[in-house]
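Subject: Structure handover

Hello,

Here is the structure I promised to pass on. Please open it and read the notes below alongside it.

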Amino acid sequence: MPSLILIVDDRPEDVVLTEMALSMLGFEFQTESVSTGEQALDFLKTAEQLPCVILLDLKMPGMGGIETLRRIRADERLKN
C-alpha cells in the first residue's frame, strides 16, 4: 500500500499545485485532500491508514492550521 499524504488547504488550486510538485518526486504515494481543519480531524479519526505526512495550510477559515495541529498533537492516536 503506498504511503498516504494528507493535504489540508482551503484553496483547490494550491492542492493541485502541491499534488503536481509531489508527483515530480518520483515516489509512490497516495494523496487525500480536505479543505478545513475540522475535515482533517474527521478524516484522521476515521482513517484506516494514517498519513505519513500532513501538509497543513496555516491560514484557513474556521479552524486554522495551528489549532488543527494542536488538536492532532493532543490525540494519543495521532500525536506521533
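The buried residues of helix H3 are covered by, among others, H2 and strand S3. Here contact means heavy atoms within 4.5 Å. Helices (H or I, at least four residues) and strands (E, at least two) are DSSP runs, numbered from the N terminus. Buried means under 20% relative accessible area, exposed means over 50%, and partly exposed is in between (1.4 Å probe, protein chains only).

Two notes on the source. This is a predicted model: local features need pLDDT of at least 70, side-chain atom pairs count only at pLDDT 80 or more, and totals for chains, interfaces and linings use all residues. Residues are numbered from 1 along each chain as its sequence is written, and side-chain values use heavy atoms, with hydrogens and water left out.

Helix H3

Which residues of H3 are buried? They are Gly 65, Thr 68 and Ile 72. Seen down the axis of H3, they fall within an arc of 60 degrees, so they line one face of the helix. The arc is that of the directions from the helix axis to the C-beta atoms. An α-helix has 3.6 residues a turn, so residues three or four places apart point the same way. On the other side of H3, Arg 70, Arg 73 and Ala 74 are exposed.

Helix H2

H2 has its own buried set: Gly 37, Ala 40, Leu 41 and Leu 44. These residues cover an arc of only 95 degrees around the axis, which puts them on the same side of H2. Their cover includes strand S1 (3–8), strand S2 (29–34), S3 and helix H3 (65–74). Asp 42 and Thr 46 are exposed on the other side of H2.

The loops around H2

Ser 35 sits in the loop between S2 and H2. Its relative accessible area is 31%, so Ser 35 is partly exposed. Leaving out residues up to four places away in sequence, Ser 35 touches Asp 9, Asp 10 and Met 60. Ser 35 and Pro 61 are 26 residues apart along the chain, and their C-alpha atoms are separated by 9.3 Å.

Ala 47 is in the loop between helix H2 (37–46) and strand S3 (53–56). Is Ala 47 buried or exposed? Ala 47 is buried, because its relative accessible area is 11%. Ala 47 and Leu 58 are 11 residues apart along the chain, with 22 Å between their C-alpha atoms.

Helix H1

Glu 13 belongs to helix H1 (residues 12–23). It counts as partly exposed, because its relative accessibility is 40%. The C-alpha atoms of Glu 13 and Leu 78 are separated by 27 Å, and these residues are 65 apart along the chain.

The whole chain

The chain holds three helices and three strands. Along the sequence they follow the pattern β-α-β-α-β-α. Of the 80 residues, 29% count as buried. Take the contacts between residues at least 6 apart in sequence: 72% of them join residues at least 24 apart.

The C-alpha trace spans about 35 × 25 × 15 Å along its principal axes. A compact globule of 80 residues would have a radius of gyration near 12 Å, and the chain agrees because it has 12 Å. That radius is taken over C-alpha atoms, and the globule rule is 2.2 Å times the number of residues to the power 0.38.

The chain exposes about 5,400 Å², with 54% of it supplied by carbon and sulfur atoms. Accessible areas come from the Shrake-Rupley method with a 1.4 Å probe; for residues, only the protein chains shown count as cover.

Best wishes
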